[in-house]
Amino acid sequence: MIADIKKLEFDKIKQILSSYTITDIGHSDVLEIQPINNRISIESSLLQVEQAKIMILRLDRTPLTGVLDIRSVIKKAKIESVLTIEEFMKVVSHQEAIQRTDQYIKKITNLEIDFSALKDYYDRIVNLSSLKKQIDSVIDKKGDIYDYASPKLSKLRNQIKTTEDKIDRKMASLLKSEAKKLTDSIITIRNNRLVLPVKSEHKNSFKGMIHDQSASKETVFIEPMACFTLNNELQNLMLEEENEIEKILRELTSYVTEHVEDLKTNLSIFTYLDTIFAKAKYACDYHMTRPLITDSVKLINARHPLIDPKEVVGNNIIFRDYRHIIITGPNTGGKTVALKTLGLLSMMVQSGMLIPVNEQSETIIFSNIFADIGDEQSIEQSLSTFSSHIGNIIRILNDIEDDSLVLLDEIGSGTDPKEGASLAISIMDYIRKNHIYSMVTTHYPELKTYAYNLDDIINASVEFDLKSLKPTYKLKVGVPGQSNAISIARRLGLDESICNAAEKVSISFDTDVTKLINKLEKQSIDLERQIEDYHEKTQVLDNKEETLKAEKQKQIQEHNRLISKYEKENLEKQKDALKEVEQLIEELDELKSQAQQAHFKEHKLADIKHRSKNIIKDEPVYQKSTNHKIKVGDSVKVLTYQRNGVVNKKLKNNEFEVQMGILTVTAKEDELEYLGKAKKEKPKYKTTPKPIKNVKVELDLHGKRYLDAMEELDKFVDDCLLNNLEFAYIIHGIGTMALKKGVEKYSKKNPQIKNFRSGGETEGGNGVTVIYFK
């Protein structure tokens, strides 16, 4: 596609974007970004950037520190050229970045952040831990080769150390014995040989080989003859060491060669992620959003991305039944800014970038984006302003295609007004023959009249405040602009008589059409103000409604939080209560024994009954925190059970069937808390709950602690449901009736239990509860 990048200053956007990259390759790749017109690729990129933005806001950007430019390493390894230690460390750095990325993705997954659009890239990163381990076994963190990198290297280094020790001892001995002949008591190196600084007058009496002399020629650096053989031996050992290291590095290079394609893939993925997260970070800092790609343009509160966010004025740029907008009005009013905003945001979208607009904005994919903006007069080419503009327009008209965007600043300017206006109208007529979109600025009033007569063109203007004599930069679509020259001159202090005379002359120039247009302009402005006032009031009401909803939700969530806290605190109390129940049972047994012995006291029995009633109290009820309509396929929390499930189908009387694991329950809508859309996952294998063989139709809870009994009852009911039993016997005994009340309470709450009753005379009486399943 053709895109006038320089005219719309998209190159400046790329410069800003490049500052958000982390890798060197990512930095250079961003500067090469070009807009495209492939809708599928654009939508995919926009979704990736949006998800990356959420990942940044919820956690952080993907870790790319340590992803170095290893293109030369890959190239060398491919032809099996021995890599340097520094190049091996770059490979290790890449693998460390992969390890950090793995940890990052685990955190993203645990937070349940959607990164589906980027998941394929993360999945394709090849873990090269084995290669890193191989390199780490040879090269340490400082970039030195380990002594144990090979048996031969270990032996050579031991020999080198031994030889160096011998030389050091010999040199130290000479420093003492020949001290008078030396200029300094130090051992130094010349030509990679250990030498002593000898005074010039003693050079002939000092046995050894001269390697160098000082600048003053007062000192000569002599290798003592006593160390000559040892130094030669040391040099040979060092040479062998270099050869062995090269051999080790060559072998290590072969491991890298095996993984060349994996390294290439990883580098490509990391670089791509760098550009995606650079776009996302840029979007975070400048409050950018993802527009919907549709068949219309509706940019809500669109801001120019190169203007300071604190000063920029947002505008609604909307193409409805019309495809062409003509903006009229005075200079420095913001006409060109509106033009550039549309062009620049369109380029950003088609480069896979989010843009500074409000949510629910829409745009289309333009086949080309043309612009003729500014005075490009060239002295060298001897072109006037008019010629420069016409040259650009000719180029645009030659390359124009359907669904192109054409932006023309001051169309027809730089020549005689009548001819310029005529030419501008003719150019617009030509453009209108094609299915394209255009935004044009002009000073010519003739174009206002032209726009009024056509359905596919609309007038627009940029608002100007006559009181402050400053533009407000607010784009008014449907309202033609006025020059306001006389009003401005009057405000600036021009003689009133001149201003009055100018107004009379201006009125004499006005035709009936002009008067009609002026009248329509005033009506349009009044209507625009009424609409703005309506929107402001509506916004205030919406804000109040949202505030009230948020407050209500907050109160409900706090209510549920307190209930949860209450339940946790009550766990210990329940344990104490159960102990008290056991104590009451013991006391009753004692009273029974006393009764048999005729020592029974009535007031003691009354006291025990009173205490037993206070042990089990009513529990608080959870409330919904949202009023979201429940639909089939929703993920919900069943408040009565405090468990999550998925809505299978809607039943009568505003009830729903909910799948909770292997159990299916029925619940009313006010008992279901909306959590979101259930994830549609294809299971790797299908599991079907198997009925339990020889399941009993009775459960004996005799002698069980209350909490243990309730847990065993819940499991028993699940088994009964799996085996399609119609009824079951729960044996709990009489005692304090605590277990019986617990069974009845459970039966009332469980929607799978149709009804229940106490046992008959032949079934155990009040010591048994019979439950019936649906």
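## A tour of the aromatic rings

Start by selecting arginine 193 and phenylalanine 228: the arginine lies over the face of the phenylalanine ring, at 5.3 Å from the ring centre. Keep in mind as you look around that this is a predicted model.

Next, select arginine 190 together with phenylalanine 221. Here arginine 190 lies over the ring face of phenylalanine 221, and the distance to the ring centre is 4.0 Å.

The structure holds ten aromatic pairs. For one of them, select phenylalanine 319 and tyrosine 437, an edge-to-face pair with 5.6 Å from centre to centre and 85 degrees between the planes. Colour the strands too: phenylalanine 319 is in β7 (residues 315-319) and tyrosine 437 in β12 (residues 437-442), so this pair ties together parts 118 residues apart in sequence.

Are these two residues buried or exposed? Phenylalanine 319 is buried, at a relative accessible area of 4%, and tyrosine 437 also counts as buried, with 8% relative accessibility.

Phenylalanine 366 counts as buried, with a relative accessibility of 1%.

Together, Phe319, Tyr322, Phe366 and Tyr437 make up one aromatic cluster.

Key. Residues are numbered from 1 along each chain as its sequence is written. This is a predicted model: local features need pLDDT of at least 70, side-chain atom pairs count only at pLDDT 80 or more; totals for chains, interfaces and linings use all residues. Side-chain values use heavy atoms; hydrogens and water are left out. Rings of Phe, Tyr and Trp (its six-membered ring) pair if their centres lie within 6.5 Å; planes under 30 degrees apart count as stacked, over 60 as edge-to-face and the rest as tilted. Helices (H or I, at least four residues) and strands (E, at least two) are DSSP runs, numbered from the N terminus. Buried means under 20% relative accessible area, exposed over 50%, partly exposed in between (1.4 Å probe, protein chains only). A charge sits over a ring if NZ of Lys or CZ of Arg is within 6 Å of the ring centre and within 35 degrees of the ring normal.
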